[in-house]
Amino acid sequence: MLHSQVSQATNPTPHLSPDPIELVTTQEYQKCTISVLVSQTVTGLWRSRYVLIRFSPSKSAYIAAYPDGAYATREEAEAAALQRGQRIVDFALPTVA
């Protein structure tokens with residue numbers, strides 16, 4: 001499911017803890033910036049989200065979404081978001097010259 005906004009200051013998802021969402025990595029991948037954010041749920045599991053941004057003089061694209069599931073560790077959540085973000089770039093994000 002795609003979400004249109006990601007807030008780093010507050011956590012808009014009620015099942016997550018009130019702790020701020022943490023930006024854990026930003027990576028350049030095929031002319032696209034992938035930012036990964038994580039937060040811990042009240043049950044101790046980790047959820048992640050990714051933000052994809054691609055700019056050019058003629059066209060730009062922006063996607064913010066969550067990979068499915070919750071993960072036992074922060075590292076697993078981060079890896080899942082990064083992998084999902086790369087897959088979206090490879091198959092769904094419009095090519096920008």
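Biologist: Of the contacts in the protein with a separation of 6 or more, what percentage comes from residues 24 or more positions apart?

Modeller: This is a predicted model. Contact here means heavy atoms within 4.5 Å. Among contacts with a separation of 6 or more, the share from residues 24 or more positions apart is 52%.

Biologist: What pattern do the helix and strands follow along the sequence?

Modeller: The protein has 5 strands and 1 helix. Read along the sequence, their pattern is β-β-β-β-β-α.

Biologist: How many bridges join strand 3 to strand 4?

Modeller: Strand 3 (residues 32–40) and strand 4 run antiparallel. They form a hairpin with 5 residues between them, and G44 in the turn has a positive phi of about 95°. T33 stands opposite I53 in strand 4. The number of bridges joining the two strands is 8.

Biologist: Which residue in strand 5 stands opposite L52?

Modeller: Strand 4 and strand 5 (residues 61–65) run antiparallel and are joined by 5 bridges. A hairpin with 6 residues between the strands is formed by this pair. Opposite L52 stands I63.

Biologist: Is S48 buried or exposed?

Modeller: S48 lies in strand 4, residues 46–54. The relative accessible area of S48 is 3%, and the cut-off for burial is under 20%. S48 is therefore buried.

Biologist: Which residue has its backbone oxygen 2.8 Å from a polar atom of the S48 side chain?

Modeller: Leaving out residues up to four places away in sequence, S48 touches L37, V38, Y66, P67, A77 and A81. The backbone oxygen lying 2.8 Å from a polar atom of the S48 side chain belongs to A77.

Notes:
Residues numbered from 1 in each chain as written. Predicted model: local features only at pLDDT ≥ 70, side-chain atom pairs only at ≥ 80, totals over all residues. Heavy atoms only, no water. Helix = DSSP H or I, 4+ residues; strand = E, 2+ residues; numbered from the N terminus. Buried < 20%, exposed > 50% of the residue type's maximum accessible area, 1.4 Å probe, protein only. Polar contact = N/O pair within 3.5 Å; in protein donor to acceptor, adjacent residues only side chain to side chain. Pairing = 2+ DSSP bridges.
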